[in-house]
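This briefing covers a ligand site, a surface patch, selected backbone positions and the charged pairs of one structure. Please read it beside the sequence and the model.

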Amino acid sequence: MAETKKENAKPTTDKATSVIDCIVQRLADEGITDCFGVPGDYAFPVCDAVERNPNVRWVGCSNELNASYAADGYARVRGAAMLSTTYAVGELSAINGVMGAKAERSLVYHVVGMPSYQNQRVHKKVHHTFGDGVFGNFVNISAQAACVHAVIDPDNCMIEMERVISEARRNNQPAYIVVPGDYALAPVTPTEVRPVTLKSNEASLEKAVAAIAERVRVAKSIVAFPAFTLQRLRLQKEALHAIEALGCPFATTTMEKCIIDESHPQFAGLYAGALSAEKTRQLVEDAELVLDLGGISLNDETTAGFSGRLDSARFVSVGLNDVRIGEQVFGNVRLADVLAALAKLKSPALPYRRTPDQAQHVNGKPADKITMDSLYSRYAAFIRPGDNVVLETGSASLGLPPMTLADDVRLHIQMLWGSIGWATGAAFGVALADPKRRTILITGEGSHQLTANEIGNMGRYGANPIILVLNNDGYMVERALEPYPDWSYNDLAKWRYADLPRALGCADWITARVETIGELDAAMKAARASKSGAYIEVIGGRMDMPKALAFAHTRIKELYGSDAA
Ligand SMILES: Cc1ncc(C[n+]2csc(CCOP(=O)(O)OP(=O)(O)O)c2C)c(N)n1
Ligand SMILES: [Mg+2]
């Protein structure tokens with residue numbers, strides 16, 4: 001639990017009498033202690049209820065998109081988050097972030113205050129509408145970003161909250177809860193409901209496990225893929241026990257980097273199609289049985305433009321709520337239960353033991369300009385056990401992952417949805433969710449420009465991240481992904497990045513703008529020692545790209561489906 005001013009308060013759902021107090025407290029009962037958002041008149045009942053609630057703290061963000069990213073980051077660490085926005089103008093601004101949470105299975109409860117039932121009933125022309133007296137236009141849109149939604153009234157409130165929460169937890173995806181202002185303040189109709197416990201169907205579970213056990217028994221070689229969902233559901237340990245029982249090698253894609261310590265003797269390396277180390281590629285692509293634990297995402301990004309050779313017929317896929325083996329599907333079984341059963345299996349094969357990698361070198365001399373080669377090896381050496389690393393889409397998401405990182409590092413990346421600016425917002429949420437660990441944000445400057453104003457709130461709420469911004473004079477990843485790198489649309493306004501923290505109210509932060517390796521090393525040392533936040537602007541070459549990006553440049557057709565990207 002993070003320390004908030006309300007940390008020691010007790011759950012009070014039973015005592016909550018108004019609809020909105022009941023909603024907020026029910027979410028607090030899920031372990032949520034912070035609500036990210038931007039207020040607005042239709043959302044006042046929600047904001048007031050958060051302020052009143054002894055268990056939940058209001059965390060104001062600079063805009064709703066940032067708030068949605070922060071909530072996503074928080075949910076990845078805590079298991080669930082709360083986001084509050086106002087009708088139409090607020091919720092629509094948050095939609096990209098909530099959609100991203102849906103794509104990446106992060107559980108964000110998006111609570112929106114809407115015009116009163118009274119005004120809806122008589123079709124009043126009110127602000128934040130088209131002036132047409134229609135109030136359902138945006139509910140439908142926001143609902144698309146969630147796996148479940150409810151329009152709350154006093155009578156349905158308690159039942160709908162249990163339905164919404166259980167469905168959101170079943171899918172680990174956002175839920176959208178919208179409540180008209182007058183209903184929010186009305187007394188809730190007391191209803192006998194109990195929280196739903198998600199359980200497996202015993203018979204289905206037994207059959208699924210027997211089918212997996214049989215495949216394990218006959219397979220000459222097995223590789224496991226622990227999926228990113230394990231981190232979202234905090235089932236890493238359970239997956240590790242299953243993998244250790246099976247004794248098989250496991251590989252990760254970038255979406256799962258560090259989900260299990262990379263020093264583990266069964267770790268076979270990072271799988272990224274043709275970009276994988278040869279040994280990793282063989283272990284994965286030649287395995288007779290590929291055990292997908294949680295539903296990995298083999299998309300264009302994780303497979304380096306579909307450059308791998310993976311045969312889906314060899315897959316056994318354990319999803320959040322089902323197991324799939326070829327055409328056979330075993331429904332209504334929970335991932336946690338399957339993992340627990342797998343941990344009791346024994347593989348006939350000898351446990352896999354990898355040959356340890358050679359130590360990584362940190363390249364470059366103090367007076368040298370910073371290159372991508374020297375930068376990422378330095379970042380890898382800088383990242384310590386206990387760090388939360390938030391990695392942005394861009395050249396950085398290709399540069400850092402090939403590096404081996406220390407044990408007990410948690411890496412957060414939005415690889416499938418890939419909305420730039422996410423990492424800066426998410427880092428705020430991660431930092432508040434997990435104040436005992438140091439949060440390190442690694443971003444390009446182009447991405448950072450989308451959401452950099454959130455730094456002000458990091459300072460305001462006492463977060464102390466270390467922010468590493470690569471300034472390479474534009475959208476380098478885009479320059480690399482097209483034949484002509486110099487189109488003006490990949491250029492950026494030339495911000496003075498290192499001045500941002502001060503301008504945004506973080507007067508006590510350490511800041512630096514570094515051009516040489518010596519300057520970078522000194523700045524990173526000071527950042528690590530600092531109790532407050534730190535912000536380092538790293539000057540890189542305009543076309544100096546990590547190796548994986550240079551490779552991507554050769555696969556434009558596979559990535560985009562045509563020669564002209
Ligand atoms: C919201 C959003 N808009 C646009 C894009 C397209 N896009 C992907 S990466 C990128 C550029 C990233 O540049 P920067 O952050 O400077 O990183 P660099 O590659 O230069 O290190 C852009 C514009 C996107 N992914 N998401
Ligand atoms: Mg850039």
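Patches are made of residues with over 30% relative accessible area and no salt bridge, where like charges are joined within 9 Å and nonpolar side chains (Val, Leu, Ile, Met, Phe, Trp, Tyr) within 5 Å. A salt bridge is a side-chain nitrogen of Lys or Arg within 4 Å of a carboxyl oxygen of Asp or Glu. Accessible areas come from the Shrake-Rupley method with a 1.4 Å probe, and for residues only the protein chains shown count as cover. The model is predicted: local features need pLDDT of at least 70, side-chain atom pairs count only at pLDDT 80 or more, and totals for chains, interfaces and linings use all residues. Residues are numbered from 1 along each chain as its sequence is written, chains are lettered from A and ligands numbered from 1 in the order in which they are written, and side-chain values use heavy atoms, with hydrogens and water left out.

**Surface patch**

- Tyr484, Trp487 and Tyr489 make a nonpolar surface patch of about 360 Å².
- Tyr484 is found in the loop between α19 and α20 (500-503); helices (H or I, at least four residues) and strands (E, at least two) are DSSP runs, numbered from the N terminus.
- Tyr484 counts as partly exposed because its relative accessibility is 41%; buried means under 20% relative accessible area, exposed over 50%, and partly exposed in between (1.4 Å probe, protein chains only).

**Ligand 1**

- Of the 15 residues around ligand 1, those that come nearest are Ser395, Gly418, Glu445, Ser447 and Met476; a residue is near a molecule if one of its heavy atoms lies within 4 Å of it.
- By class, this shell has 4 nonpolar, 9 polar and 2 charged residues, where Ala, Val, Leu, Ile, Met, Phe, Trp, Tyr, Cys and Pro count as nonpolar, Asp, Glu, Lys and Arg as charged, and the others, Gly among them, as polar.
- Glu445 places a polar side-chain atom 2.7 Å from an oxygen atom of ligand 1.
- Polar backbone atoms also approach ligand oxygen atoms, at 2.9 Å for Gly446 and at 2.8 Å for Met476.
- Ligand 1 taken alone exposes 590 Å², and the protein buries 79% of that.
- Helices α17 (445-451) and α19 (476-480) are the elements that give two or more residues to the shell around ligand 1.

**Arg76 and its partners**

- Arg76 has its place in helix α3 (residues 64-78) and is buried, because its relative accessibility is 2%.
- The side chain of Arg76 makes a polar contact with the side chain of Asp72 at 2.8 Å; a polar contact is a pair of N or O atoms within 3.5 Å, and within protein one must be able to donate a hydrogen and the other to accept it, with residues adjacent in sequence counted only if both atoms are side-chain atoms.
- A polar atom of the Arg76 side chain also lies 3.0 Å from the backbone oxygen of Ile413.
- Arg76 and Glu104 meet through their side chains in a salt bridge (3.2 Å, N to O).
- Arg76 lies in helix α3 and Glu104 in the loop between α4 (89-103) and β4 (108-114), so this pair ties together parts that are 28 residues apart in sequence.
- Glu104 counts as buried, at 0% relative accessibility.

**Other salt bridges**

- The structure holds 29 salt bridges.
- Glu167 and Arg170 form a salt bridge in which the closest N and O atoms are 3.3 Å apart.
- These two are separated by about one helical turn, because they are 3 residues apart in helix α7 (residues 157-171).
- Glu167 is partly exposed at 25% relative accessible area, and Arg170 is partly exposed at 28%.
- The side chains of Asp408 and Arg437 meet in a salt bridge (2.7 Å, N to O).
- That pair links distant parts of the chain, 29 residues apart: Asp408 is in the loop between α15 (396-399) and β15 (410-413), and Arg437 in the loop between α16 (422-433) and β16 (438-444).
- Asp408 counts as partly exposed at 35% relative accessibility, whereas Arg437 is buried at 13%.
- A network of salt bridges links Asp473, Arg479, Asp486, Asp491, Lys494 and Arg542.

**Positive phi angles**

- Asp473 is not a glycine but has a positive phi of about 65°.
- Asp473 lies in the loop between β17 (466-471) and α19 and is partly exposed, with a relative accessible area of 29%.
- Cys258, also not a glycine, has a positive phi of about 70°.
- Cys258 is placed in the loop between β8 (250-252) and β9 (267-270) and is buried, with a relative accessible area of 9%.
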